[in-house]
Amino acid sequence: MTQFNIALSPLVPSLVLALLALGAIIVIALSFWARRKGAWLRALGLGLILFSLADPSLVREDRDPLKDVVAVVLDRSASQSIGERTAQTDQAKEQIEKSLAALGNVETRVVEAGGGDADADGTRLFSALSSALADVPPERVGGAFIVTDGVVHDIPAHPDLLGFKAPVHALITGHEGERDRRIELVEAPRFGLVGKDQTITARILDSADRGEPVELVVRRDGAEISRQRVRTGATVRVNVRVEHGGPNVVELEVAALDDELTALNNKAVVLIEGVRDKLKVLLVSGEPHAGERTWRNLLKSDANVDLVHFTILRPPEKSGLDGTPISELSLIAFPTADLFGRKIREFDLIIFDRYSNQTVLPPVYFENIVRFVREGGALLIAAGPDYSGRDGLFFSPLGKIAPARPSGDVIEKAFRAQITTMGNRHPVTRGLPGADQTPPAWSEWFRQVDAEPLRGTPVMSGIDNKPLLLLSREEKGRVGLLLSDQIWLWARNYQNGGPHLELLRRLAHWLMKEPELEEEALRATARGREISIERQSLKDAIDPVTVTSPSGNSQIVSLKEADPGISRAQVRVSEPGLYRLTDGELTALVNVGAENPVEFREVVSTLDKLRPLVEATGGTVRRISAGSGDAISLPRFTAMRDSPLYGGSDYVAIRRTGASVVTGIGVAPLAIGFLGLLALLGSVLVGWLWESRRRGEA
């Protein structure tokens, strides 16, 4: 392809050339107005002078045409996997490529967008379109075809934001008259106090809303907690109790319809992080001893603990000797009726530190403590010699839940505490600093109460491997028993001490049911599309875990021991949504991707969202389905020069840009430079003199 054009290379500045041209026009105009002879000769001469000063050249350009670039954006988001949309998209891609190739001189760029983790932010096709054309000059873009279900979340507000002037055509998958029911979260809490109710506000939406009632099922951590009837379109408030610290997984679900597109958005997931308010601990100290302040100092140092501490200063051997009434033994009356009666359920943990049954607490209050534990409370007995005597707590009603029966002996000899085999697997004692040495790098203790285990798990041992620390579960509650009052030696850094703060902190938190210290737990976390599974157990053999996807597909995963009591595995998944994991005994829930992805908030295919932008570019928006099934029908493809409209009822068009690249160039001067200008000036001067001579002869 060859093009010709005129190029000017003025011999004088452009402003000077313009002033000279203006002067020449005035002179010529006056000559004609005065009807002077030779006016035409003057006009020709001045014109030739200006022509020479402009120094024009004829430029010949040899050009090769460039291909028009047309982008084809394929929506591969999760909603495009519904029904026949994937098959329709694949067929559309094949037919578009063939049609564009038939037009000739077209470079087709196919880009797939919306897949993978991008679903969390919705379908972002125009970002992919911009990236695909980032290296293409705007004047080379001949158009764009977008194959999608019409639900796009990054539609530009104005065509100018596209970065090119060419038509955009939207080809919509799916079918007319689709139906979908979904749950929309209006308001969902992110945090909540343990033991308190949180309110979730939701709405049931139906694309074919008939106002019919539906049943809403509410689950917490996989267990159903309520059902209620609601009407579609109406707002419903759901109250959920935060049962424990850490993530509380709440599911809201409505039944799927027979004719709806997908059931994935019939469920909404809310993760409420359980946060404990100040933990209320009741510490009752008995006979004064060297380690009495160890527990008090530990609990007072924790800002999240609200401590109530009473000390019984009267030794047991003095009880009944002087006949002093209980009411006169303290300056402040001991509120036993409140603490162990009406208000006992306000506490999370009760600690008896070397306390013996001294008639201060009648049996009915010990029965209240037993009931408190069995209903979910926690009890810790830090025992000394008092535990082995006839007034020991084991021989009170607390003996029903005590983990060990005293033999009546108190062994007084130097020993070092040891972690038992089960203790190495238990999160309370596993990995304590210094426990990796033999013997542990801890100071010696000098007294231990001999006792026979009745229930629970011994996690530490002492003299002759006798149980030193036992942990047990009692119905809904928990009990701990420490059979020595010598832990204060660690606190005083005797012989370099020991990990008393870490041990007592873990012990107290296990008693108060902190999730990370559960000895039998199945946990799952998700990062991207990879689920990490962790099984904490005291068992030697771990059962495989069944992982169930949101769509109901299951796979069995075997775990390998990573640390004592800890087995782990990782599994790669493809679907976003809520996964259920179980080993037959325990169940865990984990959400992959966004809790309620934007991608599934609307799944009904539509023309309306893209229509304003597409029509503003001169393009068209239309469905490609040819009835039921995956058959499609595309319009005729053609190419047009610049036009306000690039499509009709039966055709779509791309814009012919006419872009080309110069491969050769030739320049032919039309004027002959300064020598020609001198010759021209000479001829004009000769003509002028000749005219003057004739005028003189006349």
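Let's start with a pair of strands: β9, covering residues 197–206, is joined to β12 by seven bridges, and the two run antiparallel. To find one of these links in the predicted model, look for Q198, whose bridge partner in β12 is V240.

Now widen the view to the sheet around this pair. It is an open sheet of three strands in the order β7-β9-β12, and the pairing is antiparallel. Because β7 (181–187) and β12 (235–241) stand at the edges with a single partner strand each, one side of each has no neighbour in the sheet. From one strand to the next, the twist averages 35 degrees.

Next, move to another part of the chain, strand β5. Is β5 mostly covered or exposed? This strand, residues 141–148, is mostly covered, with eight of its eight residues buried, meaning under 20% relative accessible area. Strand β5 also has parallel links to other strands. Six bridges join it to β3 (residues 68–75), running parallel, and here L74 has V147 of β5 as its bridge partner. Five bridges connect β5 with β6 (residues 168–172), again in parallel, and T148 stands opposite I172 of β6.

Finally, step back to see the whole chain. It contains eleven helices and 36 strands. Of its 698 residues, 47% count as buried.

Notes: Residues numbered from 1 in each chain as written. Predicted model: local features only at pLDDT ≥ 70, side-chain atom pairs only at ≥ 80, totals over all residues. Heavy atoms only, no water. Pairing = 2+ DSSP bridges. Helix = DSSP H or I, 4+ residues; strand = E, 2+ residues; numbered from the N terminus. Axes fitted to C-alpha atoms, helices over the stretch in contact; angles between N-to-C directions. Buried < 20%, exposed > 50% of the residue type's maximum accessible area, 1.4 Å probe, protein only.
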